Amino acid sequence: MTPVKSLNHVGIAVRSLDDQRSFYEGTLGAQYEGTEEVPSQKVRVAFYLINDVRLELLEPTDPESAIAKFIEKRGEGLHHLAFTVDDIKARIAEYKEGGVRMIDDVPRPGAHQAQIAFVHPKSSCGVLTELCQPAH
Ligand code: CMX
């Protein structure tokens, strides 16, 4: 198996991006990088940087969003870990070949024009895991 490159971001499900801003920016002192809508995932995301650690806060934009369902069932909180890869199609093929259960067989568009694909939490110790190939 080809190792992932690095931790890309930590995903946190929230009801409201605006309500969390004072904690992440004001209390933790994280650097706010901006907000983006990701229609394919039915979410609005805000990125914060703490040195080289990036946090992605995810707010649902639709009751059918995976994030809305997550919050409904489990409440707000840690949602996923995303790892940087440099050839996402090859990694998906490799993982499937190795018996890893993928949610996405083909990459889908994520924030910042990245290509993303999720490993099912049943294949990753209960931690929803995202592969992320940045646009640049
Ligand atoms: N982390 C860990 N486990 C999770 C989870 C999460 N974020 N979300 C769901 N689960 C677990 C559930 O607890 C459940 O476990 P049990 O069977 O033990 O109860 C299992 O996964 C199945 O969950 P479910 O509620 O029956 O199924 P859902 O319809 O909610 O689907 C999942 C779950 C993970 C397949 C779905 O949320 C998904 O496809 N996620 C990937 C896409 C996504 O999360 N997009 C939002 C982020 C977008 C972005 O980063 O841009």
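My notes on the ligand site follow.

Ground rules first. I'm working on a predicted model, where local features need pLDDT of at least 70, side-chain atom pairs count only at pLDDT 80 or more, and totals for chains, interfaces and linings use all residues. Residues are numbered from 1 along each chain as its sequence is written, and side-chain values use heavy atoms, with hydrogens and water left out.

Shell. I looked up what surrounds the ligand (a heavy atom within 4 Å) and got 18 residues, with Gln41, Lys73, His79, Lys122 and Gly126 the closest. By class I have 8 nonpolar, 4 polar and 6 charged; Gly goes with the polar ones, and charged means Asp, Glu, Lys and Arg.

Which element gives the largest share of the shell? H2 does, with 5 residues. Strand E4 (53-60), helix H2 (66-74) and strand E5 (77-84) each supply at least two.

Polar contacts (N or O pairs within 3.5 Å). I found a polar side-chain atom of arginine 74 at 3.1 Å from a ligand oxygen, and one of glutamate 56 at 3.3 Å from a ligand oxygen. Histidine 79 uses a polar backbone atom instead, 2.9 Å from a ligand nitrogen. Taken alone the ligand exposes 960 Å², and the protein buries 71% of that (Shrake-Rupley, 1.4 Å probe).

Record check. UniProt, in an unreviewed entry, puts "domain: VOC" at residues 6-134; such annotations may be inferred rather than shown by experiment. I get 23% helix and 40% strand for that span, with its end C-alpha atoms 12 Å apart.

Notes:
Helices (H or I, at least four residues) and strands (E, at least two) are DSSP runs, numbered from the N terminus. A polar contact is a pair of N or O atoms within 3.5 Å; within protein, one must be able to donate a hydrogen and the other to accept it, and residues adjacent in sequence count only if both atoms are side-chain atoms.
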